[in-house]
Amino acid sequence: MKKTVFLGALTVAGLAAGVAGAATLDDVKARGKLNCGVTTGLVGFAAPDANGEWTGFDVGVCRAVAAAVLGDPKAVEFVPTTGKTRFTALASGEVDLLARNTTWTFSRDVDLKFTFVGVNYYDGQGFMIPKALGVSSAKELDGATVCIQTGTTTELNLADYFRKNNMNYEPVPIETNAEAQQQFLAGACDVYTTDASGLAATRATFENPGDYVLLPEIISKEPLGPLVRHGDDEWADITMWTLNALISAEELGVTSANASDMGAEAGNNPEINRLLGTEGSLGAMFGLSDDWAKNAILAGGNYGELFEKNIGENTPIGLARGLNAQWTEGGLIYSPPFR
Amino acid sequence: MTTLTDPPAESFKLSMLVYDTRYRSITFQILALVAVLLLFGWLTMNTAQNLNDLGKEPSFSFLGESAGYDINQRLIDYSSQSTHLRAAFVGLLNTLLVAAMGCATATVIGVIVGVLRLSGNWLVARLMTVYVEMFRNVPVLMWIVLCMAILIEAMPPPSAFRGDDPDATMKLFDSVAITNRGVYIPEPLFSRSLGDFHVGAAFDVSINLIAILIVLGASIFVARGIARRADAKQEATGLRPRTWHTRLAVIVLPTVVLLAILGFHLGYPELKGFNFAGGTYMRNSLIALWLALSLYTAAFIAEIVRAGILAISSGQTEAAAALGLRNNRIMSLVVLPQAMRVIIPPLISQYLNLTKNSSLAIAVGYMDITGTLMGITLNQTGRELETVLLGMLVYLAISLIISGVMNWYNNRVKLVER
């Protein structure tokens, strides 16, 4: 009996692991669809809209990669994952790319065997609390009940922060953002903690967003970015340079409005020409067409357009560019040159 | 004249393995066994190979590393600096706690509902039918989530207890606080505590608790001795001496004296800062999971009890009634003891189901072993295969222990046939 269970477990794991290791680019091309892991729903980053279409900042990355590889930004199968299931989904090959507010950390990169292909949002962990409680600093949270998404780096940061400041707290572990929202709004927890961008996005969906405040403390560095499995460098390159293409496009002034015109014939800026495939053939170097970057930019716009459209200051989420401005404007967003 | 000839000497031919009915079944069994072993062998090799390719050789060394996360409900000392192994153990104890509470409650509710469903009272019997059909035909996960949602939405938050004219007040002479985070009840405290007893470096056991259990156990043993003496006297003389008051005194007095010596008093919950402090805190997640699992399993147990009772022929009931026994005594002295034989074997599997269903705890954020070892630890260390295997072993062990104990009990109560 024991043996059967043991072997049964091996079976499951064996079947799950069986798909890993193949060339992802070929798989995606053969399938004609990109499987992209996203959140189960975080407005602004990845959530289905009223028509059931996935939209958001992370979704934009998925669509750009699909456009670069397959030429069609709609050729994406979105796989909603929770904080707990996301890594298994990626490691087992269920998704080709994970674009799910995932923090780039040493152990995830090295021990969990993933490759982070860049950072699309520089974030930090914050706290949201009802105004009525009259708390103005995270240092006053001793004894509070804290809602937290389980299986995240925020869980570890929270433990560290309260230990460092010699405070007690009561963690309420929760699987998804929606459940956390329910418990937080009902007052079953005093504080909700996750990445500050996630808090802003969640607050934007509340009936009375003004009744809740984000505390000033940001207790961690959370560089969020898309990631792929270890061991397929070609696929990692494609996703990394698609993200870089979006960033470079903003820096060079290429937008979804003018990319078609600029890409029609070579202009006088050689870097734009190389990016859009009118000069040299960068795309062919990793097995894509020469207009891969143009397709990626046309999919949803350059990095700045994606930001403004999904989470920028004119959206309900209202995030300022801050650290996520281009390096030329004092931010950290920086792409290596296309050459 | 008859000639006796020897039967032809049988020589074994390979084809007989298939065509001879004496060997055929064995041949096919061996073939099937080999095929199954080959299949499992291939799967094992494939797994090992794939994990190797990923650079993730199976290893259990992560269990000794610091866990880094906090757990809200802990029955033993635990901090974020403790190891993953200890976190798993905290989870295991939480699993056992909710399973034990659930099995006990489910049995009580199940027996009552099962008996009442056979009641002659039309309304009561129909109400019980509705209960049973509602609970056993909806997945238990829905009940767990529903219980949690009701607790969160219907109860007042701790902040409602604040102020001069609060919206909510504590119940039962200010000793119990019911909030949407859980229920705070008074906790037992000892002003002259005997301290803790250290088992190795890992566990502390309260000596107070051990002392109370020993005294209580000894008292019960003495009380049963008194009852046996009364039985013997009744059988010899036909008159039963009145012993209930001495038995009660033997059970209660020593324990009360011990509690007085230890300086027993209750610690009441008090609103302090964000939450209530002091008292014993039963979290919503525990209550929701416990309630839902108990009510769900009780519906099945009720049906088992009903079937058990119906299996006893009505002649037994009628004979007991003819002897002048009242209805409730007929049930407890004649019908239920016999029905037990039918009830216990399926009851075992209900206990196992309840224990295994407790792994749905994460739906309400209850940190059982699925939540710690196969949840957060799995996620933080990326050791899917190892943690899931360990978790399965744990559930297997718990289930085997439960069924072992219940089988032992079943052997005790089953009909002894000559």
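1. The structure is a predicted model, in which local features need pLDDT of at least 70 and side-chain atom pairs count only at pLDDT 80 or more, while totals for chains, interfaces and linings use all residues. Residues are numbered from 1 along each chain as its sequence is written, and chains are lettered from A and ligands numbered from 1 in the order in which they are written.

2. The domain assignment of chain B, whose bounds come from an automatic or database domain assignment, gives domain 1 (27-55) and domain 2 (64-186 + 268-413). The centres of these two domains, taken over C-alpha atoms, are separated by 39 Å.

3. Where chain B meets chain A, 40 residues of chain B are in contact with 41 residues of chain A, two residues being in contact if their C-beta atoms, placed from the backbone, lie within 7 Å. On the side of chain B that touches chain A, the largest share, nine residues, comes from helix 2 of chain B; helices (H or I, at least four residues) and strands (E, at least two) are DSSP runs, numbered from the N terminus. By class, this side of chain B has 16 nonpolar, 18 polar and six charged residues, where Ala, Val, Leu, Ile, Met, Phe, Trp, Tyr, Cys and Pro count as nonpolar, Asp, Glu, Lys and Arg as charged, and the others, Gly among them, as polar.

4. N275(B) lies in strand 8 (residues 275-277) of chain B. Because 23 other C-beta atoms are within 10 Å, N275(B) is buried (20 or more such atoms within 10 Å make a residue buried, 12 or fewer exposed, and numbers in between partly exposed, with C-beta atoms placed from the backbone). Apart from its neighbours within four places in sequence, N275(B) is in contact with G143(A), T145(A), E170(A), P158(B) and R181(B).

5. Helix 6 (residues 207-237) and helix 7 (residues 244-262) of chain B pack at an angle of about 165°, with their axes 8 Å apart; axes are lines fitted to C-alpha atoms, for helices over the stretch in contact, and angles run from 0 to 180 degrees between N-to-C directions. Helix 6 of chain B and helix 7 of chain B are therefore roughly antiparallel (angles under 35 degrees count as roughly parallel, over 145 as roughly antiparallel, 65 to 115 as roughly perpendicular and the rest as oblique). The residues of this contact divide into 14 nonpolar, four polar and one charged.

6. The axes of helix 3 (residues 84-116) and helix 8 (residues 284-310) of chain B come within 6 Å and cross at roughly 40°, so helix 3 of chain B and helix 8 of chain B are oblique to each other.
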